[in-house]
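Please read the numbered points with the sequence and the coordinates at hand.

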Amino acid sequence: MTEQNPYAIITEDLDLWYGDFQALEKVSLNLRGGIITGLIGPSGCGKTTFLRCLNRVNERYGNVRTEGTINLLGKNIYDPDVSLIELRKSVGMVFQRPNPLPISVYENVVFGLRIHSPRSELKRSLLDEAVEQALREVMLWDDLKDNLKQKATELQLEQQQKLCIARLLPLKPDIILMDEPCSALDVEATAAVEELMLTLAGKYTIVIVTHNMAQARRISDECIFMLLGEIIEHDRTEQLFLAPKNPKTSDYIEGRYG
Amino acid sequence: MSEPVDNAKRFTKTPSVVRKERNEKIAQFVFLSMTLAMVLPLVLIVGFLVFKAWPSLSLDFIFDMPRNGMREGGIWPAFLGTLYLVIISLMIAAPIGVMAAVYLNEYAKDNWLTRTINLAVINLAGVPSIVHALFGLGAFVYAAKMGTSIIAASLTLAVMTLPVIIASTKEALSAVPMSFRQASWNMGVSRWQTIWRIVLPNSISGILTGIILQVSRAAGETAPIMFTGAVISVNIAKDQLFAYGLTDECMALAMHLYTISTQIPNVPESLQFAIAVALLGVVLLVNALSISLRVYLRTHRKW
């Protein structure tokens with residue numbers, strides 16, 4: 001991140017339609033790099049849709065039309081020369097339910113490397129190193145270093161979710177998108193994953209969708225409140241929760257609807 | 001609750017509960033007997049066949065040529081012919097069917113064309129085999145000038161099994177959880193890499209099951225091969241696995257059984273039953289091969 005441009009993600013007048021239904025309306029946002037930005041709002045307000053726009057994986061779901069621009073790290077991702085493969089390498093996503101692939105822990109972490117590196121570069125030592133580094137970064141190494149051959153789908157949910165984050169890291173992503181990453185986890189696992197997010201912030205730009213306002217408050221630096229596909233308010237998290245400017249925001253935060 | 005409740009009778013059976021419990025028992029019994037009703041005929045049929053065929057059954061029976069106007073001897077040309085037809089037709093239908101299903105399930109957008117194709121596949125699966133036979137006769141034997149030959153008959157069988165293979169493969173592919181694909185796509189993995197590394201390894205047993213089921217159909221059908229490649233009698237070299245060429249006419253077990261039972265007088269009864277047992281055996285043999293392949297792939301899922 002250069003000093004001149006602190007924004008990692010800039011969207012301008014982003015509109016999105018699923019068929020005839022407009023899910024995003026004139027979304028213009030500037031998201032700072034290297035911090036955690038929380039997206040809150042009631043179900044169906046377009047949080048996940050917006051998230052999926054950021055690595056254009058929306059286009060895999062059929063019948064989606066977008067207008068406007070999304071500028072990631074200084075490049076419009078709708079430019080014709082953008083490769084979806086390179087874009088998604090650099091913008092990873094973590095899902096609501098942990099979805100490790102049904103292969104070993106080790107293979108999960110190196111899955112991306114195996115796909116994206118030429119065969120000659122895939123030295124065993126290099127892969128081993130990548131696995132250790134990624135698992136250390138997500139605080140799983142000590143738990144799993146003796147069980148790297150274990151099937152990833154047999155891990156505890158907390159470990160699975162951390163593994164899903166770990167498998168993005170060998171690809172050296174810039175941005176990590178998280179779609180309600182803790183909603184399938186219990187209290188302790190949520191705390192552990194949140195702690196992990198806080199350690200990853202700074203190194204990566206994190207955008208997290210959450211239904212849990214307390215969570216948004218705990219971990220995000222900035223927060224965005226969305227309603228019916230529109231951005232209602234975007235501010236520093238304390239500011240948004242303590243002194244919301246828009247009455248719709250304060251009503252939502254106080255639990256009058258949603 | 002106007003009536004006073006006798007506390008000693010609380011939570012005990014009322015007449016309605018007794019009736020429910022009886023119905024429960026009846027339901028379970030009915031479902032169990034239906035399951036047995038399915039297994040029993042199978043055991044009886046196989047047992048009856050083997051019992052009746054016993055005097056004629058031997059290893060020689062399979063590897064011997066028919067003699068004395070097919071009233072004696074073995075069934076080697078028919079046995080080998082059926083193996084040829086089943087294997088060649090599957091070698092044609094399985095790859096095409098699996099690839100078509102991958103396209104339909106993984107790539108095709110949900111539009112009118114895809115829906116039309118899906119509808120066509122389902123309808124084709126229901127076309128009677130005699131219709132396939134006439135199609136094969138017109139398309140392969142006459143139009144493509146293959147003549148009545150193993151290749152024409154195999155192609156006809158392939159056309160017949162193709163829609164079912166497509167349908168069952170699609171079913172197996174759509175059983176792979178969407179979250180696996182999402183995980184993969186979001187790491188910048190292309191569709192094809194996702195299919196090859198994630199979707200196929202996780203659906204291979206379902207795909208093979210669908211194909212296995214078509215083995216028995218290909219082996220058992222008489223109509224599609226009757227006009228296109230199978231004949232009543234041919235002479236081939238004995239004890240040679242590759243005795244048939246692709247353009248030869250061949251004998252086939254199902255056809256042979258039909259001929260022996262209806263066209264030739266004074267055939268010993270046990271011979272007919274022995275042919276039926278051999279036909280069953282071929283199906284079991286090919287099934288066993290596919291099942292062991294499936295087990296192998298499941299345990300060594302690393303491609």
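1. Which pattern does chain B follow when read along the sequence? Chain B follows the pattern α-α-β-β-α-α-α-α-α-α-α-α-α, with 11 helices and 2 strands. Helices (H or I, at least four residues) and strands (E, at least two) are DSSP runs, numbered from the N terminus.

2. Basis of the note. This is a predicted model, in which local features need pLDDT of at least 70, side-chain atom pairs count only at pLDDT 80 or more, and totals for chains, interfaces and linings use all residues. Residues are numbered from 1 along each chain as its sequence is written, while chains are lettered from A and ligands numbered from 1 in the order in which they are written.

3. Confidence. For the complex, the predictor gives an ipTM of 0.85 and a pTM of 0.82. The average pLDDT of chain B is 89, and 98% of the residues score at least 70; pLDDT is the predictor's confidence in each residue, from 0 to 100.

4. Overall form of chain B. The radius of gyration of chain B is 26 Å, whereas a compact globule of 303 residues would have one near 19 Å (taken over C-alpha atoms; the globule rule is 2.2 Å times the number of residues to the power 0.38). Along its principal axes, the C-alpha trace of chain B spans about 90 × 60 × 40 Å. Of the 303 residues in chain B, 36% are buried. A residue is buried if 20 or more other C-beta atoms lie within 10 Å of its own, exposed if 12 or fewer, and partly exposed in between, with C-beta atoms placed from the backbone.

5. Domains of chain B. The domain assignment gives domain 1 (7-56) and domain 2 (59-299); such bounds come from an automatic or database domain assignment. The C-alpha centres of these two domains of chain B lie 36 Å apart. In chain B, 7 residues of domain 1 are in contact with 8 residues of domain 2, contact meaning that the C-beta atoms, placed from the backbone, lie within 7 Å. The side of domain 1 of chain B that touches domain 2 has 5 nonpolar residues, 1 polar and 1 charged. Here Ala, Val, Leu, Ile, Met, Phe, Trp, Tyr, Cys and Pro count as nonpolar, Asp, Glu, Lys and Arg as charged, and the others, Gly among them, as polar.

6. Interface between the chains. Contacts link 21 residues of chain A with 15 residues of chain B. On the side of chain A that touches chain B, α2 (84-90), β6 (91-94) and α3 (105-116) each supply at least two residues. That side of chain A comprises 10 nonpolar, 6 polar and 5 charged residues.

7. Strand β3 of chain A. Why is strand β3 (residues 36-40) of chain A largely enclosed by the rest of the structure? The reason is that 5 of its 5 residues are buried. On one side lie A:Ile36, A:Gly38 and A:Ile40, on the other A:Thr37 and A:Leu39, and all are buried. Strand β3(A) runs parallel to strand β8 (residues 205-209) of chain A, joined by 4 bridges, and pairs in the parallel sense with strand β9 (residues 222-227) of chain A over 4 bridges. Pairing requires at least two DSSP bridges between two strands. A:Gly38 has A:Ile208 as its bridge partner in β8(A) and stands opposite A:Cys223 in β9(A).

8. A:Val207. This residue is found in strand β8 of chain A. A:Val207 is buried, because 27 other C-beta atoms lie within 10 Å. Leaving aside neighbours within four places in sequence, A:Val207 is in contact with residues including A:Thr37 and A:Leu39.

Definitions and conventions. Two residues are in contact if their C-beta atoms, placed from the backbone, lie within 7 Å.
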